[in-house]
Amino acid sequence: MSALSAWVRVALILLVVVAADQLSKHLIRQSILPGEERNVLPGLQLVNTRNRGVAFGFLPGNHLGVTLVVGLALIALIVYFALHATRPLIWLPTGMLIGGALGNILDRLRDGSVTDFIKLPLGWPPFNLADTSITLGVQLLIFAIEAPRKDEALRKDSAP
């Protein structure tokens, strides 16, 4: 895959993530009152809460800290992607991570906080689709980075 094709795929993925995230948050804000909980499935509730920290409430109330952490992480990711854009599947987690970050940044710019609405049992903090995209994106990024290394190690081990 060419680097240009990889950048186009990143852009498409991030647009899909931002659109799904913003639409879902809009629907929650319009249909569930703040603090209200609705049971969807056993162990899954929809809520309407605000988060002033990063994912899962980390660094609450520290807008400068949140902005710096997110900004530095995005710069590092974009630089890494620019240097490795032709690596297989690296475009997918890159798009997911940038899209998730942008989805939450849009909330912060518009509302001063992020809308969270998915609530799981056992005290897990509420989260949203952007957080989900970021979490899965990190896991896929690790896989995309490590899979070629593992393949290379296996080739070296099987070489005569």
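These exercises work through a predicted model of one protein, each with a solution in steps.

**Exercise 1. State how many helices and strands the protein has, and the pattern they follow along the sequence.**

Solution. 
- Count the elements: there are 4 helices and 3 strands.
- Read along the sequence: the pattern is α-β-β-α-α-β-α.

**Exercise 2. Find the strand order of the sheet, and say which strands are at its edges.**

Solution. 
- Begin with the order. The 3 strands form an open sheet, β1-β2-β3, with antiparallel pairing.
- Next, look for strands that pair on one side only. These edge strands are β1 (37-41) and β3 (114-119).
- Now examine β1 and β2 (residues 44-51). They run antiparallel, and 4 bridges join them. L41 stands opposite L44 in β2.
- Finally, place the helix. α1 lies across β1, β2 and β3 and runs at about 80° to β3.

**Exercise 3. Compare the span of helix α3 with its expected span, and describe the backbone just after the helix.**

Solution. 
- Take the residue range: α3 covers residues 91-111, which is 21 residues.
- The expected span is 1.5 Å times one less than the number of residues. For α3 that comes to 30 Å.
- Compare with the model: α3 reaches 30 Å from its first C-alpha to its last, close to expectation.
- Step past the end of the helix. Just after α3, G112 takes a positive phi of about 80°.

**Exercise 4. Describe the largest nonpolar core, and say which elements build it.**

Solution. 
- Identify the central members. The core has 15 residues, and V10, F81, I90, I98 and L141 touch the most other members.
- Assign the elements. Those giving two or more residues are α1 (3-31), α2 (63-84), α3 and α4 (129-158). The most comes from α3, with 4 residues.
- Zoom in on F81. Leaving aside neighbours within four places in sequence, F81 contacts A6, W7, V10, I90, W91 and T94.
- Check for another core. A second, separate one has 5 residues, including I28, I32, I118 and F127.

Methods: Residues are numbered from 1 along each chain as its sequence is written. This is a predicted model: local features need pLDDT of at least 70, side-chain atom pairs count only at pLDDT 80 or more; totals for chains, interfaces and linings use all residues. Side-chain values use heavy atoms; hydrogens and water are left out. A nonpolar core is a set of buried Ala, Val, Leu, Ile, Met, Phe, Trp, Tyr and Cys residues joined through side-chain atoms within 4.5 Å. Buried means under 20% relative accessible area, exposed over 50%, partly exposed in between (1.4 Å probe, protein chains only). Contact means heavy atoms within 4.5 Å. Two strands pair if DSSP finds at least two bridges between them. Axes are lines fitted to C-alpha atoms, for helices over the stretch in contact, and angles run from 0 to 180 degrees between N-to-C directions.
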